[in-house]
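Here is a friendly briefing to read with the model open beside you.

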Amino acid sequence: SLPPRMPEVNSAWKGIESVLGDLLTRFEVPRHDCLEFGVEHGYSTAAFASFFENVTGVDTFTGDIHTNVFGDFYAATTQRLSVFPNVKLIRGDYRDWIASDSKRYDLIHVDIVHTYVDTYACGLWAAMHSRCTLFHDTESFPAVKQALIDISRNTGKRVYNYREHYGLGILV
């Protein structure tokens, strides 16, 4: 089912929000703290905000080479997500965040620039700091799927892949 208050914005994440509740239940993910790398326009962030007590979103809010969306959309995303008091947005790079955060999260979502090196670096840190790590675009970017598989091998965590809506890798 669709979470309440989903924003009207284009997103490659559309469709995943309707299975998020089932995914959290299936993998017994607690629903306190969620960290998201790659907020962009806030669609997935809004979905997480419907299930978690606290959601922190980290993004440069300037787009990337794979989305072909450039500009400064921090203000618009902040406004769009203002209906969620449990969301905190951080304007920054994932590399700076992982260098200084030692907290453990219930779930971390990785949807950053879709290169192997970036996905692996961010994803490995996320896997070591969360009960469950999600990776978007496993079907549309082979480098993301390969990074997910390699992180699974290096951490001993189990990997699942939901093929719909550009792919969602699940690491538990």
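Which residue takes a positive phi just after α6? That residue is G156, with a phi of about 80°. This is a predicted model, in which local features need pLDDT of at least 70, side-chain atom pairs count only at pLDDT 80 or more, and totals for chains, interfaces and linings use all residues. Residues are numbered from 1 along each chain as its sequence is written, and side-chain values use heavy atoms, with hydrogens and water left out.

- Helices (H or I, at least four residues) and strands (E, at least two) are DSSP runs, numbered from the N terminus.
- Helix α6 covers residues 142–155, and its end C-alpha atoms are 20 Å apart, in agreement with the 20 Å that its 14 residues should span at 1.5 Å a residue. The expected span is 1.5 Å times one less than the number of residues.
- V144, A147, L148, D150, I151 and S152 are the buried residues of α6. Buried means under 20% relative accessible area, exposed over 50% and partly exposed in between, with a 1.4 Å probe and protein chains only.
- The cover over these buried residues includes α5 (116–128), β5 (130–136), β6 (159–162) and β7 (168–171). Contact here means heavy atoms within 4.5 Å.
- L124, found in helix α5, is partly exposed at 22% relative accessibility. Leaving aside neighbours within four places in sequence, L124 is in contact with T119, I151 and T155.

**Aromatic pairs**

- A search of the whole structure finds six aromatic pairs. Rings of Phe, Tyr and Trp (its six-membered ring) pair if their centres lie within 6.5 Å; planes under 30 degrees apart count as stacked, over 60 as edge-to-face and the rest as tilted.
- F27 and Y160 have ring centres 4.9 Å apart and planes at 50°, so this pair is tilted. The pair links distant parts of the chain, with F27 in the loop between α1 (20–26) and β1 (33–37) and Y160 in strand β6, 133 residues apart. F27 is buried at 8% relative accessibility, whereas Y160 is partly exposed at 26%.
- F37 and W125 make an edge-to-face pair, because their ring planes stand at 75°, with centres 6.0 Å apart. F37 lies in strand β1 and W125 in helix α5, so the pair ties together parts 88 residues apart in sequence. F37 is buried at 0% relative accessibility, and W125 is buried at 8%.
- W13, F48 and F52 form one aromatic cluster.

**Nonpolar cores**

- The largest nonpolar core has 31 residues, and W13, L20, L24, F48, F52, L107 and L134 touch the most other members. A nonpolar core is a set of buried Ala, Val, Leu, Ile, Met, Phe, Trp, Tyr and Cys residues joined through side-chain atoms within 4.5 Å.
- At least two residues of this core come from each of α1, α2 (43–49), β3 (87–91), β5 and β7, and α2 gives the largest share, five residues.
- Not counting residues up to four places away in sequence, L20 touches W13, A47, F48, F51 and L134.
- A second, separate core of 21 residues includes V58, I98, Y105 and V144.

**Cysteines**

- The count comes to zero disulfides, a disulfide being a pair of cysteine sulfur atoms within 2.5 Å.
- C34 is in no disulfide, and the nearest cysteine sulfur, that of C132, is 9.6 Å away.
- C34 is buried, with a relative accessible area of 1%, and C132 is buried at 0% relative accessibility.
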